[in-house]
Amino acid sequence: MEQVKDSSASGEDRFNGIPRAPFIEDVDAIMKQEKFGKNAEEALRSLDRMYTNYKMIEATLEAQRQKLVARLPDLKSTLEAVEHVLSAKTAGKELETHFSLSDNVYTAGKVTDTSKVCLWLGADVMLEYDVEEAKDVLHVHISEAETTLDGTLKSLDFVRDQQTTMEVNMARVYNWDVARRRRGTA
């Protein structure tokens, strides 16, 4: 009988590069093999280190999720603005808008050439695109951000499952140690 089981049904040992937590089924056998340490204290420290690693991975993924959630509305509003410019271009009209001069100070203006737009790419980089090309670029960026967000959410779920497995493992080793000590004093 196997003492440490893979916590997945599929048997894969990683998910998006994140290692799968082992599930300790038979604590007695694992402690005899000294797989996680020579005694319960060492085993608990080893399991706690693994648990801490999962917590750090979770924090990193959560920060990535928050950045993506904040970025998606910006991309979508930029796409709406580009589509508005494109509609003015196809109608052959001048585009009337308000330009920001500084915080809370705007002026009215007209845009006569609506064939090109500039997209802020970040890291102090702005590129000029044809309106149609800018629309395509934004669609690609939105699609990539949504795909990345979906993958990040799945990774977060996986990491949380692994944390639960590690918590159960630590509880099983701790309870095994308490029962062993009681048997020794009784």
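Is Lys89 buried, partly exposed or exposed? Lys89 is partly exposed, at 32% relative accessible area; buried means under 20%, exposed over 50% and partly exposed in between, with a 1.4 Å probe and protein chains only. The model is predicted: local features need pLDDT of at least 70, side-chain atom pairs count only at pLDDT 80 or more, and totals for chains, interfaces and linings use all residues. Residues are numbered from 1 along each chain as its sequence is written, and side-chain values use heavy atoms, leaving out hydrogens and water.

**View 1. Helix α2 from end to end.** Helix α2 covers residues 40-91. Helices are DSSP runs (H or I, at least four residues), numbered from the N terminus. The 52 residues of α2 should span 76 Å at 1.5 Å a residue, and its end C-alpha atoms are 76 Å apart, which agrees. The expected span is 1.5 Å times one less than the number of residues. Asn39 caps the N-terminal end: a side-chain oxygen lies 3.1 Å from the backbone nitrogen of Glu41. Gly92 follows α2, with a positive phi near 75 degrees.

**View 2. The Glu132–Lys89 salt bridge.** The side chains of Glu132 and Lys89 meet at 3.0 Å, N to O. Glu132 sits in helix α3 and Lys89 in helix α2, so the pair ties together parts that are 43 residues apart in sequence. A salt bridge here is a side-chain nitrogen of Lys or Arg within 4 Å of a carboxyl oxygen of Asp or Glu. Glu132 is partly exposed, at 36% relative accessibility. The whole structure holds 10 salt bridges.

**View 3. A salt-bridge network.** Lys55, Glu58, Glu62, Arg65 and Arg160 are linked by salt bridges. Side chains of opposite charge can pair when their charged atoms come close. In the Glu58–Lys55 bridge, the closest N and O atoms are 3.4 Å apart. These two residues are three apart in helix α2, which means a separation of about one helical turn. Glu58 is buried, at 14%; Lys55 is partly exposed, at 37%. Arg65 and Glu62 meet at 2.5 Å, N to O. They too are three residues apart in α2, about one turn. Arg65 is partly exposed, at 23%.

**View 4. Gln163 and its contacts.** Gln163 belongs to helix α3, residues 131-185. Its relative accessible area is 6%, so Gln163 counts as buried. Gln163 touches Tyr51, Tyr54, Lys55 and Glu58, leaving aside residues up to four places away in sequence. Contact means heavy atoms within 4.5 Å.

Key: Polar contact = N/O pair within 3.5 Å; in protein donor to acceptor, adjacent residues only side chain to side chain.
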